[in-house]
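Please read the following note beside the sequence and the 3D view. The points are numbered so that each can be checked in turn.

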Amino acid sequence: MAAAAEPGARAWLGGGSPRPGSPACSPVLGAGGRARPGPGPGPGPGTERAGARAPGPAAAPGHSFRKVTLTKPTFCHLCSDFIWGLAGFLCDVCNFMSHEKCLKHVRTPCTSVAPSLVRVAVAHCFGPRGLYKRKFCGVCRKVLEAPALRCEVCELHLHPDCVPFACSDCRQCHQDGHQDHDTHHHHWREGNLPSGARCEVCRKACGSSDVLAGVRCEWCGVQAHSVCSAALAPECGFGRLRSLVLPPACVRLLPGGFSKTQSFRIAEAAEPGEGGDGADGSAAAGPGRETPVAPESGKKTMKIFDGDDAVRRSQFRLITVPRLASAEEVLEAALRAHHIPEDPGHLELRPLPPSSQACDAWAGGKAESAVISEEGRSPGSGEATPEAWVIRALPRTQEVLKIYPGWLKVGVAYVSVRVTQQSTAQSVVLEVLPLLGRQAEGPESFQLVEVAMGCRHVQRTVLADEQPLLARLRDIRQVSVRQLSQTRFYVAESRNVAAHISLFVGGLPPGLAPEEYSSLLLEAVAAEATTVSVSHVYSSQGAVVLDVTCCAEAERLYTMLKGTAVRGRLLTALVLPDLLHARLPPDSRPLLVFVNPKSGGLKGRDLLCSFRKLLNPHQVFDLTNGGPLPGLHVFSQVPCFRVLVCGGDGTVGWVLGALEETRHRLACPEPSVAILPLGTGNDLGRVLRWGAGYSGEDPFSVLLSVDEADAVLMDRWTILLDAHEAGGAENGTADAEPPKIVQMSNYCGIGIDAELSLDFHQAREEEPGKFTSRLHNKGVYVRVGLQKISHSRGLHKEIRLQVERQEVELPSIEGLIFINIPSWGSGADLWGSDSDARFEKPRMDDGLLEVVGVTGVVHMGQVQGGLRSGIRIAQGSYFRVTLLKATPVQVDGEPWIQAPGHLIISAAGPKVHRVRLESQGRWAGPGGLWEWLVVPRGCSMACCPWPGSSLVPGGCLSQEGCASGQGHRWHREQPGR
């Protein structure tokens, strides 16, 4: 037995360079050397593969380099320079191409040994297939031309055929009770860098659009050459976004049997990942679906399976070898095709019987099969060679097994022990403990854990004390020879970790008591009272949070809740993490991100994926999956955080309303709110200088703008909708609707403008697939407006208006609009810029609303074109509108038909006087009458009578000094200024 010294933080297999490839996330856990291992089941030092002509012992680990003749322009995967001449060195397994001069500097391990370099096994989370231009596969290193897969959490891109050969090296975004580390290291990912990327060390270009070259930390964004990255400190500081990122050490989520998509609340797509059947019942397109190509003269093509599981799924790899190839050469080619790093001396090829019955008998180990003969030719040299072969392990009486210290503070990466037929899990633990310096502790305090590190799933199994290890290794190889290289054995402390899983349940009837919600869930999904309790109740929103102390029960509840309807409404179930707010750094103000993927041009889908990769996925929430309440509950105990809302004006109002309802539960009752406009009008985004709408800017730059913003004040308003039959019923009673309260930030429209919004909303609900373009959406608005151009209903005869409890006579109008910001209908100035002695100069933080009327669609079009302004009617802080008939109403772009009754508009609450200036830009928070809103860098607007005027979206025009004498930049020159 022997113990391997644990390498330093930057020690990697074969030298001092970190692993920049697919598993590039951690320090090395094993000793370096060649890919061909010794007698142990995992990779380790040994001899070179037969036929592999590596230039010397300094070559990168695991590669099988051979000199090839180049027939087309080729680039080196290390330095990304063009390879001049006709010769290069190519790895037969992972297709790594190199100059001869660069071979001694290559430290990127081959994919055949990549699993042995993973520090913490974390499964990937692949979304639906898509087309990714100028991206390269992380396994075969070839360009992605057909629909490919992309991890939703990290930057790994793969061909569907390469998924089984990718290792579980995704970002570790939370602690799960296994291998939790106090320090956070860089998580390197190779290739797919921007073409202008610069190395952090040498400041030279490190990106390439021709090959998979360069590395990038997926937390801090540092980019470097794979060789230069060894000079960087191993610890990661999260880069320029460190104050926005939620550190993984501050998030805890027990696995509990949930998949990665369920843990990160990502929409699950039916994809045939690792060779399973497709969603339609057909066979999946995987590595076993390669199309045979006619071999060259003198060569033959063979199907190679690597175990029972591949035979059962009909997954194979095709190899082409000379007809006179020796048995060793054929076996070497088969091992390279399946990325198997084991010593070929312990393996053999057996022919697969053609009939399915024979296959079943063979898979069960009951059929005798001939192996490839050792005389240099396949069996029966003059006869037809069997079409399919299976890699099989030869019987062994003993093996060398690597045992990793699981979650123990020790100074070695692993220890090697020899296991025989008499070795059990308990005997191995007894043998390993002295090597780890824990001989003083009893073996009953430890257990042996088997970890299967699949690309999509990481499964941990505690082995029984009497489990024979040699038989267990044989069973793993029987299923898949390659699977053993993706399996580790850890010795871990036997501690009972109390299960604690939080399940958010939405869609319940609002207004119930906690006992009623418990009874409702007990009736709907038969929740066990002994393991399930209601920890939080959001009665006004019809949602609860369940605290489950049993992993199996949590998984069962989640599955049942997803398909259960209560009182006609389908329930929403989400797995929520626990935030350890006490561990947050002192200067941390994490960003809570809400994205509405349906807003505007459907750009929210790309933003969701981008923000999950730039930040911690646990701080990014899809508003179509549970709304804003789950995110606010997760961040409820964070003492100081910020919010970014990606959506239209209606989405912003939705989130601000949820903040208003839950602010008394938040440790940070006034979080700052930033806006990324994704809607059609985006009036609030225009006022706050975020522009007319998101048009594909770099999400990283967006986050930097949010971090550098400062504060501005904004009013918030409450609208009480008290509907009833104004004339009463014949029996003297009123058929009234219950009162309802809505929050307003931008404007409230009654009449023609609300009617147009309602027609647009109904058209989008009928055919949502057509509303994928902001330009198309505006075209629909124009069309419905033309249909109403001759419409006349005499709104002034159907409503009554009181301002500050004084009756106001209305002119002949078709629409009445209450505006809080100087932008309406995609940037129009409805109030106008002319001076008027009757009214104060409007501001969005003056505690006053402006009341404007429009005479019809033609008038609205003239306002949109800047030819006219609205009819100024009143200005005040308290309004009472009486509707005599059912009338269209819209608030911040969300329309409905309001029954006859009263609308009372008043301030939302007391003023908040606390202003926190950041740098340049403005923040907004939901605290009563005043709100903090974010404005990007460019203008203070502190002295402008209409701060944030949107008449010139995108920037200021002149450099004239303003009234404060501070030389602020003004917006567009307007009459009267």
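Predicted model: local features only at pLDDT ≥ 70, side-chain atom pairs only at ≥ 80, totals over all residues.

1. A residue is called buried when its relative accessible area is under 20%, exposed when it is over 50%, and partly exposed in between (1.4 Å probe, protein chains only). By this scale Asp-845 is buried, with a relative accessible area of 18%. Elsewhere, salt bridges that share partners join Glu-342, Arg-396, Glu-399 and Arg-477 into one network.

2. Residues are numbered from 1 along each chain as its sequence is written, and side-chain values use heavy atoms, with hydrogens and water left out.

3. The overall composition comes next. The chain has 16 helices and 45 strands; these are DSSP runs numbered from the N terminus, helices being H or I with at least four residues and strands being E with at least two. Of its 977 residues, 58% count as buried. The accessible surface of the chain comes to about 40000 Å², and 51% of this belongs to carbon and sulfur atoms; such areas come from the Shrake-Rupley method with a 1.4 Å probe, and for residues only the protein chains shown count as cover. Among contacts (heavy atoms within 4.5 Å) between residues at least 6 apart in sequence, 69% join residues at least 24 apart.

4. How many salt bridges does the structure hold? The total is 26. In one of them, the side chains of Glu-553 and Arg-556 meet at 2.8 Å, N to O. Both residues lie in helix H8 (residues 551-562), 3 residues apart, which is about one turn of the helix. Glu-553 counts as buried because its relative accessibility is 6%, whereas Arg-556, at 29%, counts as partly exposed.

5. Arg-203 is not a glycine, yet its phi is positive, about 65°. This residue lies in the loop between strand S7 (188-190) and strand S8 (215-217). The side chain of Arg-203 also meets that of Glu-200 in a salt bridge (3.7 Å, N to O), and Glu-200 is partly exposed at 42%. Arg-567, likewise not a glycine, has a positive phi of about 55°. Arg-567 is placed in the loop between strand S23 (565-566) and strand S24 (569-570), and is exposed because its relative accessible area is 62%.

6. Where is Ser-243 placed? It is in the loop between strand S9 (223-224) and strand S10 (251-252). With a relative accessible area of 14%, Ser-243 is buried. Its side chain makes a polar contact with the side chain of Asp-707 at 3.1 Å; a polar contact is a pair of N or O atoms within 3.5 Å, where, within protein, one must be able to donate a hydrogen and the other to accept it, and residues adjacent in sequence count only if both atoms are side-chain atoms. Not counting residues up to four places away in sequence, Ser-243 touches Asp-587, Ser-588, Arg-589, Pro-590, Arg-642 and Asp-707.

7. Phe-700 belongs to helix H13 (residues 699-707) and counts as partly exposed, at 24%. Apart from neighbours within four places in sequence, Phe-700 is in contact with Arg-240, Leu-241 and Leu-614.

8. Finally, the cysteines. A disulfide is a covalent bond between the sulfur atoms of two cysteines. Here the term is applied to a pair of cysteine sulfur atoms within 2.5 Å, and a search of the whole structure finds 0 disulfides. Cys-79 is in none; the nearest cysteine sulfur, that of Cys-76, is 3.8 Å away. Cys-79 is partly exposed at 21%, whereas Cys-748 is buried at 0%.

Terms used. Salt bridge = Lys/Arg side-chain N within 4 Å of Asp/Glu carboxyl O.
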